[in-house]
Amino acid sequence: MTHSDADVVVSPSGWVADQARTYEESGGTKGTTMQGAPCLLLDYQGRKSGQWRRTVLIYGRDGDDYLIVASKGGADEHPLWYLNLQANPEVRLRVETERFTARAETLSAQDKARVWDSLVELFPPYAEYRKKTSRDIPVVRLRRTDG
């Protein structure tokens, strides 16, 4: 699962693209938070195009694993990155200065219930996003695969 940075398409969303560039170009020393919450860079493969893409996401922790929330601001549809992870769960992360590979897995309802409050504590808008939609907002575990 190797890809070079030149092969990665950064999110078309302006602020996400700006933050992703700042994060990557600084080697993970700048752009690492959003509204006070820690962020990571997620590189994932498009399910239709096969193209590698990058987005910036807030993350929580569960032991050694990273947790990301497919909230899309409380929209009624899943974010595209989440649909792509379902098709291609092998991803590459940058968490601050470290880059590594990981595997994405949607949490069960029981695991999600266990970690949800800590994620809302980390980023309080998640509670509002949940109220805005009838969609079950997935929480994804990112488990390191490169030792």
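What follows is a working chat about a predicted model of a protein.

Me: What does the secondary structure come to?
Reply: The protein has four helices and nine strands. In sequence order the pattern is β-α-β-β-β-β-β-α-β-β-α-α-β.

Me: How compact is the protein for its length?
Reply: The radius of gyration is 14 Å, close to the 15 Å that the globule rule gives for 147 residues, so the protein is as compact as a globular protein of that length. The C-alpha trace spans about 40 × 30 × 30 Å along its principal axes.

Me: What share of the residues is buried?
Reply: Buried residues make up 47% of the 147.

Me: Contacts next. Of those with a separation of 6 or more, what percentage joins residues 24 or more positions apart?
Reply: Such pairs account for 65% of the contacts with a separation of 6 or more.

Me: Which of them gives the most?
Reply: Strand 4, with six residues.

Me: How does the lining split by class?
Reply: The lining has 18 nonpolar, nine polar and five charged residues.

Me: Switching to single residues. Where does Phe-100 lie?
Reply: Phe-100 lies in strand 8, which covers residues 98-106.

Me: Buried or exposed?
Reply: Phe-100 has 0% relative accessibility, so it counts as buried.

Me: What is Phe-100 in contact with, leaving aside neighbours within four places in sequence?
Reply: Its contacts are Tyr-66, Val-91, Arg-92, Leu-93, Val-95, Arg-144 and Asp-146.

Me: And how are the C-alpha atoms of Phe-100 and Asp-117 placed?
Reply: Those C-alpha atoms are separated by 27 Å, with the two residues 17 apart along the chain.

Me: Now Ala-37. Which strand holds it?
Reply: Ala-37 is in strand 3, residues 37-45. Its relative accessibility is 0%, so Ala-37 counts as buried.

Me: How far is the C-alpha atom of Glu-24 from that of Arg-94?
Reply: The two C-alpha atoms are separated by 8.0 Å, while the residues are 70 apart along the chain.

Me: What about Asp-7, where does that one lie?
Reply: Asp-7 lies in the segment before strand 1. At 43% relative accessibility, Asp-7 counts as partly exposed.

Me: Which residues does Asp-7 contact, leaving aside neighbours within four places in sequence?
Reply: Asp-7 is in contact with Gln-51 and Trp-52. The C-alpha atoms of Asp-7 and Gln-51 are separated by 7.8 Å, and these residues are 44 apart along the chain.

Me: Backbone now. What is phi of Lys-72?
Reply: Phi of Lys-72 is near 45°, a positive value in a residue other than glycine.

Me: Where is Lys-72 placed?
Reply: Lys-72 is in the loop between strand 6 (65-69) and helix 2. Lys-72 has 40% relative accessibility, so it counts as partly exposed.

Me: And Glu-96, what is its phi?
Reply: Glu-96 has a positive phi of about 55°, although it is not a glycine.

Me: Which loop holds Glu-96?
Reply: Glu-96 is in the loop between strand 7 (90-95) and strand 8. At 41% relative accessibility, Glu-96 counts as partly exposed.

How values were computed:
Residues are numbered from 1 along each chain as its sequence is written. This is a predicted model: local features need pLDDT of at least 70, side-chain atom pairs count only at pLDDT 80 or more; totals for chains, interfaces and linings use all residues. Side-chain values use heavy atoms; hydrogens and water are left out. Helices (H or I, at least four residues) and strands (E, at least two) are DSSP runs, numbered from the N terminus. Ala, Val, Leu, Ile, Met, Phe, Trp, Tyr, Cys and Pro count as nonpolar, Asp, Glu, Lys and Arg as charged, and the others, Gly among them, as polar. The radius of gyration is taken over C-alpha atoms; the globule rule is 2.2 Å times the number of residues to the power 0.38. Buried means under 20% relative accessible area, exposed over 50%, partly exposed in between (1.4 Å probe, protein chains only). Contact means heavy atoms within 4.5 Å.
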